[in-house]
Amino acid sequence: HDLYKLTYGRTFNVDPAKVTKPQRQMGKVLELAMGYQGGAGAFVTFAKGYGIDLDALADTIAETIDPNIWSEAEQSYAYFAEKNLTCGLERKTFVACDAVKRAWRMANSNIADLWKKADEAVVKAMNSPARVKIGEFVSMYRAGAYLVVQLPSGRKLCYPAPRLDEDGTCTFSYMGVEQFTRKWKRIKTYGGKVVENITQAVAADVLAEGLINLEAAGYETVLTIHDEVL
């Protein structure tokens, strides 16, 4: 199946073959926003970027989503409102976005479990000299002033000056170049983001191997665009 149709179908318990074009767009937003532990805020950001009317969407979600999931999202609204994390949305609209997040995570429990395993690996690696595995092909360990992730290719990701969470807002922090200010500072992160780092790094390794194989086969690469080779 088309991945985005499949995502929508799994999340809303709909036959992927019957997913409409607008529903497929919704599936695309879900896949892009939720895969790395994004919450309602991430969903809102991507939905707006793809021109989805969130208020109109809220009515549809309220009618189609599992009532138990909707109830859980409603019960959690007070917490998000108190923390000022409702993205400026009307109550029903935010509840709908949070319900979608919950439905996606239930439909993709293995991915959500991987975020948890990454969190646990960070804590174990920080507190022990032992190498800790994340799944079958990736491991993590402490090496001096770095927290190191060993990728399947043998390449390593390094987090300088790692420090476990001290205020309940992340799993750990490290020193790096902040994405928006481009300044060297302490960056907070968490299991889903670690999984994102690993996933993108593995994708880069696959692309690099592909470039080598293409050259060996007599093709001259003139340009790469994201994951596409020309």
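1. Start with M175. Beyond its neighbours within four places in sequence, M175 is in contact with P160, A161, W184, K185 and R186. The model is predicted, and the points below should be read as such.

2. M175 belongs to strand β6, which covers residues 172-177.

3. The ring centres of Y159 and F172 are 5.4 Å apart and the planes meet at 85°, so the pair is edge-to-face. An angle over 60 degrees is what that label requires.

4. Aromatic pairs number 8 in the structure. Ring pairs also join Y77, Y79, F80 and F94 into a cluster.

5. Now the core. The largest nonpolar core has 53 residues, and the members touching the most others are M26, F43, I61 and M140. Helix α6, residues 91-107, gives the most to this core: 8 residues.

6. Leaving out residues up to four places away in sequence, M26 touches Y8, F12, F43, I52, L57, I61 and V100. Two of these contacts, F43 and I61, are named with M26 among the residues that touch the most other core members.

Notes:
Residues are numbered from 1 along each chain as its sequence is written. This is a predicted model: local features need pLDDT of at least 70, side-chain atom pairs count only at pLDDT 80 or more; totals for chains, interfaces and linings use all residues. Side-chain values use heavy atoms; hydrogens and water are left out. Helices (H or I, at least four residues) and strands (E, at least two) are DSSP runs, numbered from the N terminus. Contact means heavy atoms within 4.5 Å. A nonpolar core is a set of buried Ala, Val, Leu, Ile, Met, Phe, Trp, Tyr and Cys residues joined through side-chain atoms within 4.5 Å. Buried means under 20% relative accessible area, exposed over 50%, partly exposed in between (1.4 Å probe, protein chains only). Rings of Phe, Tyr and Trp (its six-membered ring) pair if their centres lie within 6.5 Å; planes under 30 degrees apart count as stacked, over 60 as edge-to-face and the rest as tilted.
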